[in-house]
Amino acid sequence: ETPKSFQQRCFRTRGFFGSNHSERVGHYSSSQVSKAIHLVRNPFNNVVSRFHLDHAQRLNNTMYQNRFPNNAKGFQQWCKDVDIIFG
């Protein structure tokens, strides 16, 4: 990756708006940014957060809720499926 492509990706924004949650992509001007914070999280916390987000986005999907209940067994099954997908 080049310094320029890195900078372009750093200034990229993405948000979801409206009742249909349409995605909007934009960019900050480098003149608007004076500082940056890099957060480092425990990778396991990230995996659990992804499970919770995936679960919340599919609350009305009965098949999904039955396959991946919001508990330890559902999380373990979700991890197995993710391993198969991204293996």
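Predicted model: local features only at pLDDT ≥ 70, side-chain atom pairs only at ≥ 80, totals over all residues.

Colleague: What makes the pairing of Asp 54 with Arg 58 a salt bridge?

Modeller: A side-chain nitrogen of Lys or Arg must lie within 4 Å of a carboxyl oxygen of Asp or Glu. The closest N and O atoms of Asp 54 and Arg 58 are 2.9 Å apart, so the pair meets the criterion. Arg 58 itself has 35% relative accessibility; this value lies between 20% and 50%, so Arg 58 is partly exposed.

Colleague: With which side chains does Asp 54 make polar contacts, and how do you know that they qualify?

Modeller: The side chain of Tyr 64 is one partner, at 2.9 Å, and the side chain of Trp 78 is another, also at 2.9 Å.

Colleague: How many salt bridges does the structure hold, and which residues form others?

Modeller: There are 4 salt bridges. Among them, Arg 9 pairs with Glu 1, with the closest N and O atoms 2.9 Å apart, and Arg 14 pairs with Glu 23 at 3.2 Å.

Colleague: Why are Arg 9 and Glu 1 called exposed?

Modeller: Exposed means over 50% relative accessible area. Arg 9 has 57% and Glu 1 has 64%, so each counts as exposed. Arg 14, at 54%, is exposed by the cut-off of 50%, whereas Glu 23, at 44%, is partly exposed.

Colleague: Which residues line the largest pocket, and which elements supply them?

Modeller: The largest pocket has a volume of about 230 Å³. Its lining includes Asp 54, Phe 68, Trp 78 and Asp 81. Helix H2 (43-57) and helix H4 (72-86) each give two or more residues, and H4 provides the largest share, 7 residues.

Colleague: What is the make-up of that lining by class?

Modeller: The lining has 7 nonpolar, no polar and 4 charged residues. Asp counts as charged, so Asp 54 belongs to the charged class of this lining.

Technical notes
Residues numbered from 1 in each chain as written. Heavy atoms only, no water. 1 Å grid on protein atoms, 1.4 Å probe; cavity = no way out; pocket = protein on both sides within 12 Å on 5 of 7 lines; lining within 4 Å. Points joined across faces, edges and corners; volume = space filled by probe spheres on them. Helix = DSSP H or I, 4+ residues; strand = E, 2+ residues; numbered from the N terminus. Polar contact = N/O pair within 3.5 Å; in protein donor to acceptor, adjacent residues only side chain to side chain. Buried < 20%, exposed > 50% of the residue type's maximum accessible area, 1.4 Å probe, protein only.
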